[in-house]
Amino acid sequence: AAETATPGSAAPDASAILGFDPFDPAFRADPYTHYRRLAAGGPLQRTEVGLWVTTSYEVCESVLRDPRFGHRPENGGIWRESPMRRRSFLTMDPPDHTRLRKLVSKAFTARLIERLRPRIEVLVDELLNGVEGDVDLLATLAYPLPVILISELLGVPPEDRDRFKAWSDTLARGLDPDFMLAASELDRRAEAREEFAAYFRELAERRRAEPREDLLSALVAVSDEGDVLSEEDLIATCVLLLVAGHETTVNLIGNGALALLRHPDQLEWFRAHPERVGIAVEELLRYDPPVQLTLRAALEDVELNGTLIKQGQPLLLLTGAANRDPAVFADPDRLDLARYGRDDASRHLAFGLGIHFCLGAPLARLEGQIALGKLFQHDVGDLREVALKTGELAYRDNLVLRGLDELPVHITRA
Ligand code: HEM
């Protein structure tokens, strides 16, 4: 809620670059209507400053799977990426991407993550325990859960977690391209990044002196062994894990809970089918994904969907729109938790696709399933009902991430 940018607080050319105004309250409340209008203009369009934009599932899929698209060089010069951002493997191409991702991916296999289940269950119980009356579901549950988990995985001491909240609020906009931010916001973001980096540098020192059973200690050991992971890579990876793993998961829980609360028939189905919580969460991810888009550039001339994309030209992949592409999903604007099996809702692009497919997907899924399951399926203690408070909902100002400022609910206990 710290970021309440008003229209005009973005760099002035954001609308020109994108071809739509990302700060228009109507767009923020419902980007999907806008995407549909955009889709009517064809699968691949070009904005006035030369950015290619697609709403098509097929085009998104082709680009994400094609090694001829990536993150260099400089996204056609339309926008500059801050140096810090470039250094994490989220925006690297092979072979650097491959090398760095491999080091971390061992800690995120579905099997290892599944071991966290009891811990996540205890955490959700603790966070919801005794909560009653009018509450903000984001502050109560959705925010603390992911940050506690990723901190525990990395090995961040509990007493330091609160400092993260402030940095993370600022850094959440770090996923946005620079042209989205006003100069003051860019400065604040750079500052938060520096503080974050300094914090991890110091923590890494402590783990080097006294290793523990955590991811940071493991990464420090790798970094010391050879030239596979530089100190700079190490810090950038920690910051990436926190930023990529935090705000996104908050929004899975927030957007997911909101979608359920707004669709009583689906909520009823959800309550009646705890054994199908997995497929339900996939549909919630398809329907209102926390990550709405991603960017790539052509690394060489490529013919895409009959159109020549020249080397260096940037593409905006509206994966949030592709998730509602009628060519793939029948009746795409309908929330249908039982969809899976009919048109394969797990094909959604909420976690991306290809070499950058979300590394944290097993963790995010488990957190979402347990949090939403406990909220709505198995009553926690004497928790009886979670009801949406009426009133207007505000979305955070962010282009890449879609999430609420707060989610006011009323919780009744027996
Ligand atoms: C990458 C979404 C949770 C770590 C991605 C990408 C998406 C995504 C769309 C691909 C970006 C691109 O191709 O440009 C999400 C969503 C989440 C979530 C919707 C929650 C519901 C997490 C968690 C973690 C995580 C919990 C880690 C703890 C990462 C990392 C990458 C990534 C490290 C970069 C992978 C690479 O470049 O190879 N995520 N994510 N994410 N995510 Fe997630």
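The dialogue below takes up the overall fold, then helix packing, then the ligand shell.

Guide: Please keep in mind that this is a predicted model.

Visitor: How many helices and strands are there in the protein chain?

Guide: The protein chain contains 18 helices and ten strands.

Visitor: What are the spans of the C-alpha trace along its principal axes?

Guide: The C-alpha trace spans about 65 × 55 × 40 Å along those axes. The radius of gyration can be set beside the value for a compact globule: for 414 residues that value would be near 22 Å, and the protein chain has 21 Å, which agrees.

Visitor: How is the packing of two helices described?

Guide: Two packed helices are described by the angle between their axes and by the distance between those axes. In this structure, helix 13 (residues 215-225) packs with helix 14 (residues 231-262) at an angle of about 160 degrees, and their axes are 10 Å apart.

Visitor: Are helix 13 and helix 14 roughly parallel or roughly antiparallel to each other?

Guide: Angles over 145 degrees count as roughly antiparallel, and helix 13 and helix 14 are therefore roughly antiparallel to each other. Their crossing is right-handed.

Visitor: Which residues in helix 13 and helix 14 meet?

Guide: From helix 13 come Leu-216, Leu-219, Val-220 and Ser-223, which meet Glu-231, Leu-234, Thr-237 and Cys-238 in helix 14. By class, the residues of this contact of helix 13 with helix 14 are five nonpolar, two polar and one charged.

Visitor: At what angle do the axes of helix 10 and helix 14 cross?

Guide: Helix 10 (residues 144-154) and helix 14 have axes that cross at roughly 155 degrees and come within 9 Å. Helix 10 and helix 14 are therefore roughly antiparallel to each other, and helix 10 passes helix 14 in a right-handed crossing. Pro-146, Val-147, Ile-150 and Leu-154 in helix 10 meet several residues in helix 14, among them Leu-241, Leu-242, Gly-245 and His-246. The contact of helix 10 with helix 14 has eight nonpolar, three polar and no charged residues.

Visitor: Which helix gives the most to the shell around the ligand?

Guide: Helix 14 gives the most, with seven residues. Helix 14 and helix 18 (361-376) each supply at least two residues of the shell.

Visitor: Which of the 24 residues around the ligand come nearest?

Guide: Gly-245, Thr-248, Gly-352, Cys-358 and Gly-360 come nearest. By class, the shell around the ligand has 16 nonpolar, seven polar and one charged residues.

Conventions: Residues are numbered from 1 along each chain as its sequence is written. This is a predicted model: local features need pLDDT of at least 70, side-chain atom pairs count only at pLDDT 80 or more; totals for chains, interfaces and linings use all residues. Axes are lines fitted to C-alpha atoms, for helices over the stretch in contact, and angles run from 0 to 180 degrees between N-to-C directions. Helices (H or I, at least four residues) and strands (E, at least two) are DSSP runs, numbered from the N terminus. Angles under 35 degrees count as roughly parallel, over 145 as roughly antiparallel, 65 to 115 as roughly perpendicular and the rest as oblique. A crossing is left-handed if the near helix is turned anticlockwise from the far one by less than a right angle, and right-handed if clockwise. Two residues are in contact if their C-beta atoms, placed from the backbone, lie within 7 Å. Ala, Val, Leu, Ile, Met, Phe, Trp, Tyr, Cys and Pro count as nonpolar, Asp, Glu, Lys and Arg as charged, and the others, Gly among them, as polar. A residue is near a molecule or strand if its C-beta atom, placed from the backbone, lies within 6 Å of it. The radius of gyration is taken over C-alpha atoms; the globule rule is 2.2 Å times the number of residues to the power 0.38.
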